[in-house]
Each structure stands twice: as C-alpha cells, then as structure tokens.
Amino acid sequence: MIKKKKPIEIKYDHFSYSGISVFLQCAKRWYLKYQVKPTVEIDQTYFSLGTACHGIMEYWKGGTKKQFLQLMQEQFNEHDVMKYWKPEDVIPMIKNCKSFFDNYLKGKEERVHRELSFNMNVGPYKSSGKIDLIIEPLFDENGELIEKGYLIDYKTSGKAELKADMREQLQLYMAGIKTMYPTWKASHFRFGIYFIRFNDLVETTFTDDDIDAKIIDFERKCNRVQQSEFNKNAGVLCNWCEYNGTEHCQGENGND
Ligand code: SF4
C-alpha cells in the first residue's frame with residue numbers, strides 16, 4: 001500500500017527571493033531576520049555607496065549635468081556616502097549610473113518601470129519583490145513583437161559575472177511580472193544584471209518553461225523553511241551578518 005505523504009504544516013507563509021536566499025545561506029539568520037526581528041545596531045556605511053547608486057538609478061530621468069550632480073549630492077548626503085568611501089571609489093560608479101541611463105533608457109522613458117513591486121502566489125505561499133528596472137517590450141498593432149523589453153537588476157559589488165542565484169532571481173521576477181501582465185512571455189524579454197562598478201550588463205535568456213520550473217523549485221524551498229530547525233551555518237558569510245557577535249549569535253566563535 002502506498003503511504004500518503006503527510007501534508008506540510010504551513011507556519012511561515014510569505015517569502016521573497018532575498019528571504020529564501022538568506023535561508024539557504026544560514027537558516028538561523030533567516031529566523032532572526034524574519035521572525036524574531038531583534039533590534040541590532042547595523043553599520044550601514046559599507047552599503048551606503050550601493051544604496052546611493054540605486055537611488056540615482058531610480059530617480060534620474062534625464063536632464064542637465066547640474067541636475068544630475070544635484071541628485072547625486074542628495075543621495076550622497078542622505079546615505080552619508082563620503083563618511084566611508086573615497087572619491088576614487090565613488091566617481092567611476094557615478095559615471096556608470098549616468099552612462100547606463102544614456103545607453104539603455106534614453107528615448108524609452110514611456111516604457112520604463114523602476115522599482116516595480118509585484119505580489120504572487122506560489123502554491124500555498126505568497127511571494128513579493130521589487131524589480132529594479134523593466135523596459136516594456138514593444139508590439140505593433142497586430143501584437144507582433146517589434147523590440148524586446150528588458151528585465152534588469154542592479155548589483156553594486158562583486159564580480160561582473162552572472163551567478164546561478166542571480167539567474168534564479170531574474171526568473172522569479174519574470175514569474176512575478178507575468179502575474180501582472182499575463183500576455184507577456186519570457187521570449188519578449190532580455191534579462192540581465194547590470195554591474196554598476198564595471199559598467200557591464202551581463203545578459204541571459206530563459207523560456208517560459210524555465211520560469212514555471214523555477215516556481216516549483218521556489219515552492220520546494222519554502223517547504224524546507226516550514227520543516228527547518230533554524231540551525232546556524234557559520235562560515236565566511238558571518239562577516240556580513242548583522243547578528244554576528246551579538247547576544248543572538250556568535251558566528252564561527254560560539255556554540256549558540
Ligand atoms: S552570524 Fe553566521 S551563523 Fe550566526 S546567524 Fe549570522 S550567518 Fe548565521
């Protein structure tokens with residue numbers, strides 16, 4: 001007799017791509033970050049340049065050099081960039097933000113969505129996310145594709161190399177987009193990660209079957225969270241963890 005699988009008890013029902021990514025790196029960090037939510041002092045200075053660049057990419061809609069410099073200054077002040085970073089780190093990044101706009105967005109403003117939020121159901125779970133940039137595909141009056149759109153995420157650190165988790169992120173985002181624009185297909189888009197530091201847009205392609213398979217995979221990962229005991233996975237990532245060395249976790253140095 002075939003035994004029926006016991007249904008999974010759903011204790012946690014909302015997941016983002018980044019949440020699942022945290023869980024896969026360290027289940028304990030996921031539990032702290034998304035369930036316990038303790039208040040910890042986070043030194044944001046290292047991330048300030050990336051955050052300011054994201055702000056520039058979000059708000060720059062074209063204009064004069066003076067207006068661009070003004071926006072840059074606002075973002076730098078808001079995120080206290082110069083407290084941590086040197087001008088030689090900052091200037092190339094800023095130039096690249098502007099160059100990206102000139103190369104990809106100029107003249108397409110009416111088709112551009114920045115920081116586009118989506119919500120979708122993944123099996124019994126809810127998932128949401130925010131996409132850095134969508135450029136809508138262009139169709140003629142008969143619905144024939146004239147020009148592919150773009151789905152792009154920005155990265156400010158690391159190497160200009162498309163890793164498996166970045167591909168997964170783009171696939172999940174396309175699934176989110178399809179819930180809002182059901183007639184759009186993966187074949188209507190170019191997918192890419194823009195590495196601001198290197199001024200490099202690294203592209204990839206997917207089919208709709210890839211997207212569907214990714215959703216099934218994402219649901220499996222959400223299932224794993226339900227059954228987890230949230231043990232720590234101490235390693236190199238502890239260096240970037242906000243709970244390392246706090247009362248909540250001693251990272252590689254403790255048995256907690
Ligand atoms: S310090 Fe390391 S082991 Fe502890 S929660 Fe953070 S990543 Fe996990």
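## Exercises on a predicted model

The buried residues of α3 pack against α4 (65–79), α5 (87–105), β3 (125–135) and β6 (149–155). This is a predicted model: local features need pLDDT of at least 70, side-chain atom pairs need 80 or more, and totals for chains, interfaces and linings use all residues. Residues are numbered from 1 along each chain as its sequence is written. Helices (H or I, at least four residues) and strands (E, at least two) are DSSP runs, numbered from the N terminus.

**Exercise 1.** Check the span of helix α3 (residues 48–59).

*Solution.* Take 1.5 Å times one less than the number of residues.

**Exercise 2.** How do α6 and α7 pack?

*Solution.* Start with the axes, lines fitted to C-alpha atoms over the stretch in contact; angles run from 0 to 180 degrees between N-to-C directions. Helix α6 (residues 164–180) and helix α7 (residues 208–226) meet at about 100 degrees, with axes 9 Å apart. Therefore α6 is roughly perpendicular (65 to 115 degrees) to α7. Contact means C-beta atoms, placed from the backbone, within 7 Å. Residues making the contact include Leu172 of α6 and Phe218 of α7.

**Exercise 3.** Is Lys148 buried, partly exposed or exposed?

*Solution.* Locate Lys148 in the loop between β5 (145–147) and β6. Count other C-beta atoms within 10 Å: 20 or more is buried, 12 or fewer exposed, in between partly exposed. Lys148 has 13, so Lys148 is partly exposed. Beyond neighbours within four places in sequence, Lys148 contacts Pro137, His188, Phe189 and Arg190.

Methods: Two residues are in contact if their C-beta atoms, placed from the backbone, lie within 7 Å. Angles under 35 degrees count as roughly parallel, over 145 as roughly antiparallel, 65 to 115 as roughly perpendicular and the rest as oblique.
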